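Subject: Structure handover

Hello,

Here is the structure for you to look at. My notes on its pockets follow below.

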Amino acid sequence: MGQLAVVVVAAGKGTRMRTEESKQYLELNGKPILVHTLNLFQSMPEIDSIVLVTGIDDVVRCRGYLEQYGLTKVHQVVPGGQERQDSVYKGLQALAADTEWVMVHDGVRPFAAKEHIIACWHQAIETGAAVLAVPVKDTIKIVDQSGTIRSTPDRRSLWAIQTPQAFRCSLLLQAYEQAAEEGFIGTDDAMLVERMGVSVQVVEADYYNIKITTPEDLPWANWIIHNVRGEKQP
Ligand SMILES: Nc1ccn([C@@H]2O[C@H](COP(=O)(O)OP(=O)(O)OP(=O)(O)O)[C@@H](O)[C@H]2O)c(=O)n1
Ligand SMILES: C[C@](O)(CO)[C@H](O)COP(=O)(O)O
């Protein structure tokens, strides 16, 4: 089926978390959040290799984690860029030349379910590109600068997009090259593929696959790790 690699991006500053330490290094049940995320892919036989993208000042610390936590599938640790998109692009450029399939994943999403990750990859094998997502539970409004509601999209067609996002590697690289040439910045990887006119499929996941973003996510993450993922206290 060809080599499957994961690019895990963890070069963000975690501004919205408002902690001194960047959120990917905060401890959850005795280990950094980022290590939980890397362990997830390390433990999956379907994954051949991992490229880790970190802040320029964190490369050495992260290389230390590889040894400390037995993360043997992480073949490259590369410094990221200003925007998430820059970091992903650097990760893609570090992939081995024979990588046929790539998944991009946020370093601060430690709870993606393995069966959903595999379903996402299988969907990408069928159609070229797929992302995990959940139907939105709230009513979403389009609101203008003055705070006035302009429209209410039909909720049945709204999905909250997660990672991993899986692609044929050559397709995603082409999308990133084109976006770079045209100065386009998107908020996820699929957007860059969509704007090439290529269809991206959604694969339904679950609501536990949170992106740890703001302080109130931390107690929720702590609950998930024990009650959903079944980890014992260290
Ligand atoms: N220049 C960047 C920005 C983000 N990320 C990564 O992209 C993922 C999702 O981004 P987000 O949750 O927005 O993280 P931060 O950018 O760190 O958070 P904030 O926007 O609050 O500063 C995170 O794993 C983050 O480390 C990255 O690798 N490089
Ligand atoms: C890629 C992503 O996680 C999908 O939900 C999200 O768009 C990342 O956005 P952020 O601005 O980096 O939080």
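Which elements each supply at least two residues of the lining of the second largest pocket? They are β10 and α7 (217-227). This is a predicted model, where local features need pLDDT of at least 70 and side-chain atom pairs count only at pLDDT 80 or more, while totals for chains, interfaces and linings use all residues. Residues are numbered from 1 along each chain as its sequence is written, chains are lettered from A and ligands numbered from 1 in the order written, and side-chain values use heavy atoms, without hydrogens and water.

Some terms. A pocket is an open set of points on a 1 Å grid over the protein atoms alone, where a 1.4 Å probe fits, with protein on both sides within 12 Å along at least five of seven lines; lining residues have an atom within 4 Å of a point. Volume is the space filled by probe spheres set on the points, which are joined across faces, edges and corners. Helices (H or I, at least four residues) and strands (E, at least two) are DSSP runs, numbered from the N terminus.

Second largest pocket:
- Its volume is about 320 Å³.
- It has 15 lining residues; V134, A160, Q162, Y207 and I210 lie nearest its centre.
- β10 gives the most, three residues.

Largest pocket:
- It holds about 1,100 Å³ of space.
- Of its 38 lining residues, G12, K13, R16, E83 and R84 lie nearest the centre.
- β1 (3-10), α3 (84-93) and β10 (159-168) each give two or more.
- β10 has the largest share here, four residues.

Best wishes
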